[in-house]
There are 2 protein chains.
Amino acid sequence: MQEFYFELLKKDPQTGGRLGILHTPRGDIHTPAFMPVGTQATVKAMTPEEVEGLGAEIILANTYHLYLRPGEELIRQAGGLHRFMNWHRPILTDSGGFQIFSLGSLRRITAEGVYFRSHLDGSRHFISPERAMEIQVALGSNIAMAFDVCSPFPSSYAAALEDMERTTAWAKRCREVTPAPEQVFFGIVQGSVYPELRARSARALVDLDFPGYAIGGLSVGEPKPLMYEVLEYTTALLPEYKPRYLMGVGSADCLWEGVARGVDLFDCVLPTRVARNGTALTPWGKLVVRNAGYARDFSPIDRDCNCYTCRNHTRAYLRHLFNAGEILGARLLTLHNLHFTLNLMQKIRDALANGSFAQAKELFLGQYQAQGSTK
Amino acid sequence: MQEFYFELLKKDPQTGGRLGILHTPRGDIHTPAFMPVGTQATVKAMTPEEVEGLGAEIILANTYHLYLRPGEELIRQAGGLHRFMNWHRPILTDSGGFQIFSLGSLRRITAEGVYFRSHLDGSRHFISPERAMEIQVALGSNIAMAFDVCSPFPSSYAAALEDMERTTAWAKRCREVTPAPEQVFFGIVQGSVYPELRARSARALVDLDFPGYAIGGLSVGEPKPLMYEVLEYTTALLPEYKPRYLMGVGSADCLWEGVARGVDLFDCVLPTRVARNGTALTPWGKLVVRNAGYARDFSPIDRDCNCYTCRNHTRAYLRHLFNAGEILGARLLTLHNLHFTLNLMQKIRDALANGSFAQAKELFLGQYQAQGSTK
């Protein structure tokens with residue numbers, strides 16, 4: 001069995017960009033990489049075969065959702081998450097911390113863990129850091145995230161301090177749990193937008209010697225320049241030879257900027273979620289295919305795109321499918337948007353490999369219409 | 001360009017079964033054939049490539065739906081329905097008669113045509129027999145159905161007579177319209193469950209010399225034995241060397257029984273519709289994958305099925321997908337159900353070819369749990 005380790009192939013001389021390979025027992029992940037999100041053990045609207053065909057080398061699944069439905073015991077009985085969903089490459093599971101945090105009034109955080117009510121049926125649950133890791137052990141993911149407390153934006157210094165200290169205390173407890181075979185745990189840096197808190201968080205987690213680190217508490221509604229700033233000083237606090245994962249980021253501009261600041265892994269529901277709303281991602285920004293203006297537009301979403309959707313279907317047809325509420329519309333746009341995002345990561349890796357990353361980034365962002373904030 | 005003609009290859013000596021090839025300018029259709037339904041220019045949840053991969057040689061689309069949305073003019077501008085939806089094999093369009101008939105209080109039938117309100121927005125419309133054919137000419141389907149009046153079940157003799165006579169009068173008007181290139185018109189026999197009316201309807205339509213004939217007014221809620229009885233005496237009224245199409249039929253038992261009574265073409269939403277409700281078709285009847293009993297059933301729907309779904313996914317996973325409202329559930333069951341139905345037609349053709357149809361039918365129906373009525 002191949003061991004889990006991160007191979008740093010090349011550092012970009014002009015930016016913080018890094019080219020690498022995250023070796024795992026389930027196969028290599030060429031970084032920087034984007035992880036499509038398969039919240040409920042399915043990348044929405046796609047077969048695992050299609051996701052692999054699009055070039056994804058790792059996907060993300062959600063512990064919170066799978067714990068509630070169908071339950072981790074059922075998945076353990078199925079032979080683990082890979083067999084349950086028929087995806088045989090690496091899987092990263094988040095710890096559920098962010099989803100439970102997002103429940104708002106439905107949850108109460110104590111030093112011991114989190115009491116919450118299910119968003120599905122209101123049933124009562126309690127998850128401790130130990131329990132969060134045990135669930136992920138049952139799921140059998142390859143990267144399991146520590147159970148953290150995500151600070152919202154904005155957060156006061158005092159509140160961010162408390163969240164960060166709890167995250168640190170919980171990270172120590174998570175680290176005590178024995179991972180599944182073929183599994184490692186990543187720690188999550190918190191500290192909101194406060195450099196001192198990020199530094200304390202990073203230092204404590206580095207002491208715990210996790211095989212990788214995530215930067216949490218970003219992409220929660222802050223302005224993008226602020227996210228880039230926090231990212232810049234936070235990645236600098238992390239060990240060079242460990243992978244870095246920016247949680248919840250997936251718009252094209254943020255991917256370029258994240259890579260430029262030393263990020264190796266990304267995940268985001270954006271490509272799949274906006275697809276189901278009738279929005280296509282393109283090199284010049286978002287294209288809302290539902291719009292009436294495309295009713296008689298018999299050209300593809302993007303003439304230069306070679307995905308199945310762009311090779312076979314027109315904007316007019318896609319608009320009709322959305323108008324008529326047809327499943328095929330969601331499928332075709334999901335396919336296009338994942339292709340766009342995974343293909344973008346390939347372009348980023350190529351640019352890092354041939355030393356043109358800074359120019360390629362400038363070129364891309366010059367034509368791209370970005371949105372203002374991270375949410 | 002290959003002409004449209006029906007080649008009768010073989011007649012079953014023990015039943016009314018027929019093996020044939022319906023040659024069309026868009027390719028051959030091996031009969032008896034099942035046509036997957038693509039109501040709104042998409043076989044729900046499937047790409048055209050997948051539908052073709054499952055072995056479908058012709059699909060059906062709905063004039064009523066496409067007339068309302070996106071409109072036949074837009075489809076004409078797109079280069080016709082084949083190009084619009086990227087399906088390049090034959091397409092049959094129904095005339096919209098059945099859908100408008102199903103609108104109930106929203107429609108009024110006169111000698112001239114039908115006044116109706118859209119089920120989408122309540123807007124007022126009028127469709128005459130000529131208009132129904134003109135819309136199908138704009139769509140550019142390969143088989144366009146005459147505009148008919150479908151008698152509900154039950155219908156009094158007087159009502160069925162009136163519907164049948166109107167259908168005949170309209171068929172004459174439809175026949176006057178010039179078809180699109182690569183297109184022929186089929187007539188529709190009405191007459192409810194009255195042998196005399198079926199005979200008069202068939203005689204009048206045969207006089208009009210349509211290239212093919214549909215049997216309408218069946219599969220509208222009557223008991224199955226009654227449908228078989230009507231079918232038996234109606235197909236006997238039709239010319240041997242023209243294809244016969246039983247509208248709205250697609251359950252496994254009805255396919256065998258229909259073929260045994262001389263039917264060459266079938267269509268039905270059943271395989272795709274029940275799929276989206278979480279029901280799988282199998283050789284032993286329906287399997288409701290949503291049921292709690294399958295929660296921990298890690299076997300495929302049907303061990304002997306070689307479709308993508310059965311080769312790759314378990315009942316437990318499918319149940320989870322439906323439970324969680326995931327699109328992939330609808331996709332995987334649609335794929336399985338279309339495979340089941342198209343594969344069944346292949347088995348029927350093979351049995352006709354090697355002279356074992358009657359035995360194969362008995363064997364199949366012996367293990368199959370059928371439902372009692374046609375709806």
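## Surface and charge of chain A

The accessible surface of chain A amounts to about 13,800 Å², and carbon and sulfur atoms account for 50% of this area. The structure is a predicted model, in which local features need pLDDT of at least 70 and side-chain atom pairs count only at pLDDT 80 or more, while totals for chains, interfaces and linings use all residues. Residues are numbered from 1 along each chain as its sequence is written, chains are lettered from A and ligands numbered from 1 in the order in which they are written, and side-chain values use heavy atoms, with hydrogens and water left out.

## Overall fold of chain A

Chain A contains 15 helices and 16 strands. Helices (H or I, at least four residues) and strands (E, at least two) are DSSP runs, numbered from the N terminus. The radius of gyration of chain A is 20 Å, close to the 21 Å given by the globule rule for 375 residues, so chain A is as compact as a globular protein of that length. This radius is taken over C-alpha atoms, and the globule rule is 2.2 Å times the number of residues to the power 0.38. Along the principal axes, the C-alpha atoms of chain A fill a box of roughly 60 × 50 × 45 Å.

Of the 375 residues of chain A, 63% are buried. Here, buried means under 20% relative accessible area, exposed means over 50%, and partly exposed lies in between (1.4 Å probe, protein chains only). Among the contacts in chain A between residues at least 6 apart in sequence, 67% join residues at least 24 apart; a contact means heavy atoms within 4.5 Å.

## Cysteines

Over all chains, the structure holds zero disulfides, a disulfide being a pair of cysteine sulfur atoms within 2.5 Å. For A:Cys268, the nearest cysteine sulfur belongs to A:Cys254 and is 8.6 Å away. A:Cys268 is buried, at 10% relative accessibility.

In chain B, the sulfur of B:Cys310 is 3.8 Å from the closest cysteine sulfur, that of B:Cys305, which is too far for a bond. B:Cys310 is likewise buried, with a relative accessible area of 8%.

## Helix H6 in both chains

An α-helix has 3.6 residues a turn, so residues three or four places apart point the same way. In chain A, helix H6 spans residues 129-139, and its buried residues include A:Pro129, A:Ala132, A:Met133 and A:Gln136. Just after this helix, A:Gly140 has a positive phi of about 75 degrees.

In chain B, helix H6 also spans residues 129-139, with B:Ile135, B:Ala138 and B:Leu139 among its buried residues. B:Gly140 follows this helix with a positive phi of about 75 degrees.

## Backbone features in loops

Most residues other than glycine have a negative phi, and most peptide bonds are trans. The peptide bond from A:Thr31 to A:Pro32 is cis, with omega near 0 degrees. A:Pro32 is found in the loop between strand E3 (29-31) and strand E4 (33-35) of chain A. Another cis peptide bond, with omega about 10 degrees, joins A:Arg69 and A:Pro70. A:Pro70 belongs to the loop between helix H2 (63-68) and helix H3 (72-77).

A:Glu182 is not a glycine, yet its phi is positive, at about 65 degrees. This residue lies in the loop between helix H7 (157-175) and strand E11 (184-189) of chain A, and it is partly exposed, with a relative accessible area of 29%. In chain B, phi of B:Glu182 is also positive, near 65 degrees. B:Glu182 sits in the loop between helix H7 (157-176) and strand E11 (184-189) and is partly exposed at 28% relative accessibility.

## Residues distant in sequence

A:Gln359 lies in helix H15 (residues 357-367) of chain A and is partly exposed, at 45% relative accessibility. A:Gln359 and A:Gln14 are 345 residues apart in sequence, while their C-alpha atoms are 9.8 Å apart in space.

B:Asn277 occupies the loop between helix H11 (270-276) and strand E15 (279-282) of chain B. Its relative accessibility of 46% makes B:Asn277 partly exposed. The C-alpha atoms of B:Asn277 and B:Ala330, 53 residues apart along the chain, are separated by 7.6 Å. Leaving aside residues up to four places away in sequence, B:Asn277 touches B:Arg290 and B:Phe322.

Technical notes:
Areas by Shrake-Rupley, 256 points an atom, 1.4 Å probe, with all protein chains shown as cover.
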